[in-house]
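Student: Hi! Could you walk me through the ring contacts in this one?
Tutor: Happy to. Let's bring it up.
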Amino acid sequence: MDYQHQRLAAGAHDRIAVRRRDDAWLEERWADPDTRVLVVSGTRVRPRDGRIPWVTAQEAPDGVRVLLGENDGRAWFALVTGPEAAQEAKDEWFPLRGVLPHLAGDGLAQAPLVFHALGLAEWLWATRYCPRCGEPLAPRAAGHELACPHGHVQFPRSDPAVIMVVTSGEPGSADERCLLGRQASWPEGRYSTLAGFCEPGETLEDAVRREVLEETGVVVGDVEYFGNQPWPLPASLMLGFIGRAVSEVINVDNDEIDDARWFTRADMKAGAEVGELVLPGGVSISRSLVEHWYGGPLPGQW
Ligand SMILES: [Zn+2]
């Protein structure tokens with residue numbers, strides 16, 4: 001099956017980490033007219049005509065040069081400045097969530113570069129003081145490390161989050177059911193896979209079991225890995241799983257989750273066709289998990 005979430009990572013650039021400390025190479029590529037640069041003000045970019053606004057290095061302002069890598073024979077950088085420009089024109093500059101619509105269609109091929117650029121910009125913005133000693137941090141390694149005067153080094157983070165379909169009943173049978181939940185703030189009919197962050201010292205499988213139990217009261221036994229999706233909003237890595245329930249009684253927490261239900265494939269198809277059940281968007285791993293269990297594409301999306 002062709003999973004749309006994989007398209008967000010297709011054709012990813014070569015990150016050439018070995019060049020991040022090669023100052024001569026970095027200067028040479030920065031001066032190359034073929035090089036493309038994404039200007040980031042704080043954590044925001046300004047799309048132009050609905051597109052990601054790549055410029056030449058000569059057009060870029062001063063700031064922290066972040067080497068993203070090479071693709072299509074070019075070098076790609078982000079240039080991260082302070083937040084002033086974005087603060088002066090807030091309705092023109094968008095954070096990653098606001099840029100996602102600009103990544104649809106042709107722009108999808110640029111998603112890995114944009115996720116890399118804005119994920120690092122977010123980290124550079126949020127990590128300005130050393131968490132060990134409180135001194136200011138300065139970037140090095142072409143934006144991929146931060147160091148304080150005492151030599152404490154910080155590296156970019158990706159926080160693991162688990163996202164899962166939970167199933168019950170004889171696999172592949174008409175009775176087999178899948179557990180989806182919804183948050184109170186969502187529009188009517190919207191349901192999705194459950195998700196949550198992995199805690200320190202916890203395995204991913206135990207995080208799946210704990211989150212499902214906390215949010216819905218359902219006990220999960222076997223857990224199988226499905227796939228993953230970078231989601232730097234601001235720093236998540238979504239790890240998809242399929243869990244097998246060993247109990248079916250639902251008792252929602254009414255905190256994170258407002259309602260959870262078991263859906264058979266027939267329920268799911270009927271609900272999605274009339275719009276009573278609205279599933280997550282095509283490029284999300286959540287959508288892929290649901291369609292993987294269902295066995296094919298379903299209509300409608302957020
Ligand atoms: Zn320090």
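Tutor: A charge sits over a ring if NZ of Lys or CZ of Arg is within 6 Å of the ring centre and within 35 degrees of the ring normal. This is a predicted model, where local features need pLDDT of at least 70, side-chain atom pairs count only at pLDDT 80 or more, and totals for chains, interfaces and linings use all residues. Residues are numbered from 1 along each chain as its sequence is written, and side-chain values use heavy atoms, with hydrogens and water left out.

Student: Which residue lies over the face of W293?
Tutor: That is R265, at 4.2 Å from the ring centre. Also, R190 has its charged end over the ring of W186, 5.8 Å from the centre.

Student: How many aromatic pairs are there?
Tutor: The structure holds 6. Rings of Phe, Tyr and Trp (its six-membered ring) pair if their centres lie within 6.5 Å; planes under 30 degrees apart are stacked, over 60 edge-to-face, and the rest tilted. One of the pairs is W30 with F77, edge-to-face at 5.1 Å centre to centre and 90 degrees between the planes.

Student: Where in the chain are W30 and F77?
Tutor: W30 is in helix α1 (residues 23–31) and F77 in strand β4 (residues 74–81), so this pair links distant parts of the chain, 47 residues apart. Helices (H or I, at least four residues) and strands (E, at least two) are DSSP runs, numbered from the N terminus.

Student: Are W30 and F77 buried or exposed?
Tutor: Both are buried, meaning under 20% relative accessible area; exposed is over 50%, and partly exposed is in between (1.4 Å probe, protein chains only).
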